Amino acid sequence: MRRLPLILSLIALALAGCDDPLGPQPWNETPIEVQLWSIDRTEHIGLPSAFDFFNRQRVAVEDPRSALGWDVVVSDVEGGLAFVPAGAFPDIGTDVGIAVITGVSFDDLLEAPRDANAYITDRAVPLVEGGVYVVRTRRAACATFGFSTFTPRYGKVTVTEIDLEEGSVVFKVVVNPNCNDRSFVSPEDD
């Protein structure tokens with residue numbers, strides 16, 4: 001019986017999860033700008049060619065099959081550049097998906113598609129300047145109320161610049177920091 005207050009305190013702490021490094025991060029609706037270089041060009045070895053949407057960081061990848069911790073890589077395709085989801089490469093088991101959004105601007109896109117069929121998981125998605133896309137990240141550890149689950153996050157992207165000669169792309173991205181939450185509206189704005 002004497003341990004009951006201690007046990008209840010530990011349960012309350014776990015449920016709060018405030019300082020959990022795997023827990024949700026604060027919302028920031030200000031897009032970050034990202035530049036990536038094509039993985040297919042030898043002159044870009046050592047430069048970031050992939051993006052980890054889960055952690056919102058660029059990743060230098062020389063061989064997609066030998067690197068982990070990224071969701072999409074920029075690659076040359078006929079006539080342009082493309083995002084290639086990690087699962088499009090042999091031996092990488094992931095359900096990263098890219099949805100092409102039409103008829104809605106980046107700023108007006110309020111939610112990621114719910115239909116799993118809207119996400120391309122197995123091939124390159126050509127990029128166009130001004131194009132709007134949603135990326136469903138790989139499943140990663142995500143703490144909710146002190147319990148860890150493996151779920152994706154969702155990010156919205158708009159391409160602001162494509163330089164075919166240089167083999168680079170610049171895009172803006174906003175990622176919902178909450179696990180498996182499709183909304184692109186901060187809870188404070190609801």
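Let's start with aromatic pairs: this predicted model has 7 of them, counting rings of Phe, Tyr and Trp (its six-membered ring) whose centres lie within 6.5 Å, with planes under 30 degrees apart called stacked, over 60 edge-to-face and the rest tilted. A pair of aromatic rings is described by the distance of the centres and the angle of the planes. Helices and strands here are DSSP runs (H or I of at least four residues for helices, E of at least two for strands), numbered from the N terminus. Both Phe51 and Phe171 are buried, where buried means under 20% relative accessible area, exposed over 50%, and partly exposed in between, using a 1.4 Å probe and protein chains only.

Here is a second pair: Trp70 and Phe89 are also edge-to-face, at 6.0 Å centre to centre and 75 degrees between the planes. This one links two loops, with Trp70 between β3 (57–60) and β4 (72–77), and Phe89 between β5 (80–85) and β6 (97–101), the two being 19 residues apart. Trp70 and Phe89 are both buried. Now back to Phe51, please: ring pairs join Phe51, Phe53, Phe83, Tyr133 and Phe171 into a cluster.

A quick word on the ground rules. Residues are numbered from 1 along each chain as its sequence is written, and side-chain values use heavy atoms, with hydrogens and water left out. Since we are looking at a predicted model, local features need pLDDT of at least 70 and side-chain atom pairs count only at pLDDT 80 or more, while totals for chains, interfaces and linings use all residues.

The charged end of Arg136 sits over the ring of Tyr119, 4.7 Å from the ring centre; the rule is NZ of Lys or CZ of Arg within 6 Å of the ring centre and within 35 degrees of the ring normal. Arg153 does likewise with Phe54, lying over the ring face at 4.0 Å from the centre.

On to salt bridges. How many does the structure hold? There are 6, each one a side-chain nitrogen of Lys or Arg within 4 Å of a carboxyl oxygen of Asp or Glu. One of them joins Asp76 and Arg41, with the closest N and O atoms 2.8 Å apart. Asp76 is in strand β4 and Arg41 in the loop between β1 (32–37) and β2, so this bridge ties together parts 35 residues apart in sequence. Asp76 counts as partly exposed because its relative accessibility is 27%, whereas Arg41, at 17%, counts as buried.

Asp52 and Arg138 meet in a salt bridge at 3.1 Å, N to O. Asp52 sits in strand β2 and Arg138 in the loop between β8 (132–136) and β9 (140–144), so parts 86 residues apart in sequence are tied together. At 1% relative accessibility, Asp52 counts as buried, and Arg138 is buried too, at 15%. Arg138 also bridges to Asp71, the closest N and O atoms being 3.0 Å apart. With Asp71 in the loop between β3 and β4, and Arg138 in the loop between β8 and β9, the pair ties together parts 67 residues apart in sequence.

My last stop is Glu129 and Thr158. Glu129 is in the loop between β7 (125–126) and β8, and Thr158 is in strand β11 (residues 154–163). They are 29 residues apart in sequence, with their C-alpha atoms 7.8 Å apart in space. The side chain of Glu129 reaches the backbone nitrogen of Ile162 at 3.0 Å, a polar contact, meaning a pair of N or O atoms within 3.5 Å; within protein, one must be able to donate a hydrogen and the other to accept it, and residues adjacent in sequence count only if both atoms are side-chain atoms. The side chain of Thr158 reaches the backbone oxygen of Gly131 at 3.2 Å. Thr158 is buried, with a relative accessible area of 9%.
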